[in-house]
Amino acid sequence: GVGAVVINKNKELLVIKEKISTIGYKLPGGHIDNGEMISKAVEREVLEETGVDVEFKSIISLGHFYPHKFHKSNLYVLCIAEPKSLEINIQDTKEIVDAKWMKVDEYLEDESVLAYSKAVVLAALEYKGFKLANHETLCHIKRDFELFFPIER
């Protein structure tokens, strides 16, 4: 799966509230479709859950959870994305009950937010993550792929 840290110019974080979750606001994200690239999955999931158009920038965190659904592994890729629009317009109303821009400090101080989510946001504020690499590094491979390397300071 994928998740996104999206912070606008007003230092507000894009967050969602799921129908099935009793936990507070969380980062938008979801399932990567079969054959879908990470960068495109992030952009699609944020759009579906919030209506906000974003551009993938980098990977900031990887999580591996086992067992997950169907007693399988779940690799969770947290990304930094830049907003290209700001208006909230939830498309996935079956899963998402609310989406909003929240002050980053307010999110980090909210006791209902998981410590894991807070750690991801803090990492995104401090580090640039792993960028999508130039495809020329593996130009001999004739299929879709994405490579990520650390962003230099």
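These legends walk through several close-up views of the structure above. The model is predicted, so please note that local features need pLDDT of at least 70 and side-chain atom pairs count only at pLDDT 80 or more, while totals for chains, interfaces and linings use all residues. Residues are numbered from 1 along each chain as its sequence is written, and side-chain values use heavy atoms, with hydrogens and water left out.

**View 1**
Let us start with E1, the strand of residues 2-6. Strands (E, at least two residues) and helices (H or I, at least four) are DSSP runs, numbered from the N terminus. Five of the five residues of E1 are buried, so the strand is largely enclosed by the rest of the structure. Here, buried means under 20% relative accessible area, exposed means over 50%, and partly exposed lies in between (1.4 Å probe, protein chains only). Val2, Ala4 and Val6 point one way from E1, while Gly3 and Val5 point the other way. Strands count as paired if DSSP finds at least two bridges between them. E1 pairs with E3 in the antiparallel sense over two bridges, and Val2 sits opposite Gly30 of E3. With E5 (residues 74-83), E1 runs parallel and is joined by five bridges; look for Val5, whose bridge partner in E5 is Ile80.

**View 1. Strand E2 alongside E6.**
Strand E2 covers residues 12-18, and six of its seven residues are buried, so E2 is largely enclosed by the rest of the structure. Its antiparallel pairing with E6 (residues 96-103) extends over seven bridges. To find your bearings, look for Lys17, which stands opposite Asp98 in E6. Lys11 has a positive phi near 60° although the residue is not glycine. Most residues other than glycine have a negative phi. The loop between E2 and E3 (29-30) holds Ile20, an exposed residue with a relative accessible area of 80%. The C-alpha atoms of Ile20 and Glu95 are separated by 7.3 Å, with the two residues 75 apart along the chain.

H1 has 13 residues, 38-50, and reaches 18 Å from its first C-alpha to its last, close to the 18 Å expected at 1.5 Å a residue. That expected span is 1.5 Å times one less than the number of residues. Among the buried residues of H1 are Ile38, Ala41, Val42 and Val46. A nonpolar core is a set of buried Ala, Val, Leu, Ile, Met, Phe, Trp, Tyr and Cys residues joined through side-chain atoms within 4.5 Å. The largest one here has 17 residues, of which Val6, Ile38, Val42, Ile59 and Cys79 touch the most other members. E1, H1, E4 and E5 each supply at least two residues of this core, and H1 gives the largest share, with four residues.

**View 2. Salt bridges around Arg44.**
The whole structure has eight salt bridges, each a side-chain nitrogen of Lys or Arg within 4 Å of a carboxyl oxygen of Asp or Glu. Arg44 forms one with Asp33, the closest N and O atoms being 3.6 Å apart. Arg44 lies in H1 and Asp33 in the loop between E3 and H1, so this pair ties together parts that are 11 residues apart in sequence. Asp33 is partly exposed, at 37% relative accessible area. Arg44 also meets Glu36 (2.7 Å, N to O) and Glu45 (3.1 Å, N to O). Glu36 is buried, with a relative accessible area of 19%, and Glu45 is buried at 7%. Salt bridges that share partners join Asp33, Glu36, Arg44, Glu45 and Glu48 into one network.

Phe65 belongs to strand E4 (residues 54-65) and is partly exposed, with a relative accessible area of 34%. Next, find the peptide bond from Tyr66 to Pro67, which is cis, with omega near -10°. Most peptide bonds are trans. Pro67 itself lies in the loop between E4 and E5.
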